[in-house]
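Subject: Structure for you to look at

Hello,

Here is the structure I promised to pass on. Please open it next to this email and follow along.

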Amino acid sequence: MYDADIREPLFDYLDEIYIKNRIFEEKIMGRSRADLVMIVEQGFIGLEIKSDADTYERLKTQTRDYDKFCDFNYIVAGQSHKKHVAEHVPDWWGILIVSEENGKILIHLEREAQKNLKCRLEQQIQWLWRTELNSILEKNSLPKYTGKSKKFVQDKLLEKINPQILKGQMVEELFERDYEEWLKSYAEYRKAKNLPVKKRRKKRRYYYRK
């Protein structure tokens with residue numbers, strides 16, 4: 001079973017579990033590129049896929065980077081990894097095992113993720129676009145800081161706004177992000193790297209289950 005076989009069933013599984021979510025694929029964080037980052041009302045959830053065809057070669061670096069940016073993390077592993085996957089991720093990481101039965105992809109929660117105490121708001125805020133930072137400035141009646149760098153604005157928000165309030169506002173901005181603009185930037189990245197531009201699942205504005 002390959003990565004491409006896992007993604008759609010995984011999206012469906014997550015949509016059933018989380019009432020409201022927004023999923024971004026191939027998100028840069030540190031020296032790694034996260035397979036999936038899911039935004040939920042509680043914060044940021046990282047999901048690293050290790051299909052039956054994948055090895056653990058880069059996982060040590062990946063787990064370190066995920067832990068800097070995500071409140072909760074899961075490894076989504078093919079059935080062949082089930083016996084040893086827990087040895088390769090921190091104890092606070094959750095584990096989802098993917099298997100196939102009678103032609104149907106099944107996802108089993110092997111271990112629930114625990115709160116990651118290593119993630120930092122100053123890392124997460126780096127994912128926001130300047131327009132989203134400006135929106136948060138406006139919501140909190142702060143100056144526009146016209147002409148200042150993006151890093152300057154990030155630091156001001158971290159300094160001036162209660163962390164819990166800022167986190168909630170960041171989540172709302174990411175729920176509202178224009179996904180088509182992100183797809184465009186992702187295609188430009190792959191083109192610059194001389195990689196084939198893959199057709200991606202068009203994500204809803206966000207998923208909400210009543």
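Start with one term: two rings of Phe, Tyr or Trp (for Trp, its six-membered ring) count as a pair if their centres lie within 6.5 Å. Keep in mind that this is a predicted model.

Aromatic rings

With that term in hand, the structure holds four aromatic pairs. One of them is Tyr 66 with Trp 93, an edge-to-face pair with 5.4 Å from centre to centre and 70 degrees between the planes. This pair links distant parts of the chain, 27 residues apart: Tyr 66 is in helix H2 (residues 59–69), and Trp 93 is in the loop between strand E4 (72–78) and strand E5 (94–101). Are these two residues buried or exposed? Tyr 66 has 0% relative accessibility, so Tyr 66 counts as buried. Trp 93 is buried as well, with a relative accessible area of 0%.

Next come Phe 69 and Trp 127. Their ring centres are 5.1 Å apart and their planes stand at 25 degrees, so this pair is stacked. Because Phe 69 lies in helix H2 and Trp 127 in the loop between helix H3 (121–124) and H4, the pair ties together parts that are 58 residues apart in sequence. Both Phe 69 and Trp 127 are buried. Together with Phe 44, they form one aromatic cluster.

Charges over rings

Lys 20 lies over the face of Phe 175, at 4.5 Å from the ring centre. Arg 177 has its charged end over the ring of Phe 24, 5.5 Å from the centre of that ring.

Strands

Strand E2 (residues 32–40) has eight buried residues out of nine, so E2 is largely enclosed by the rest of the structure. What does E2 pair with? Strand E1 (residues 20–29) pairs with E2 in the antiparallel sense, over eight bridges. In this pairing, Arg 22 has Ile 39 in E2 as its bridge partner. E1 and E2 form a hairpin with two residues between them, and Gly 30 in the turn has a positive phi of about 60 degrees.

Strand E3 (residues 43–50) also runs antiparallel to E2, and five bridges join the two. Here Met 38 stands opposite Ile 45 in E3. E2 and E3 form a hairpin, again with two residues between them.

Ser 135 lies in helix H4 (residues 130–139). Its relative accessibility is 23%, so Ser 135 counts as partly exposed. Ser 135 and Glu 173 are 38 residues apart in sequence, and their C-alpha atoms are 8.1 Å apart in space.

Regards

Note on methods:
Residues numbered from 1 in each chain as written. Predicted model: local features only at pLDDT ≥ 70, side-chain atom pairs only at ≥ 80, totals over all residues. Heavy atoms only, no water. Buried < 20%, exposed > 50% of the residue type's maximum accessible area, 1.4 Å probe, protein only. Helix = DSSP H or I, 4+ residues; strand = E, 2+ residues; numbered from the N terminus. Pairing = 2+ DSSP bridges. Phe/Tyr/Trp six-rings, centres within 6.5 Å; stacked < 30°, edge-to-face > 60°. Lys NZ or Arg CZ within 6 Å of the ring centre and 35° of its normal.
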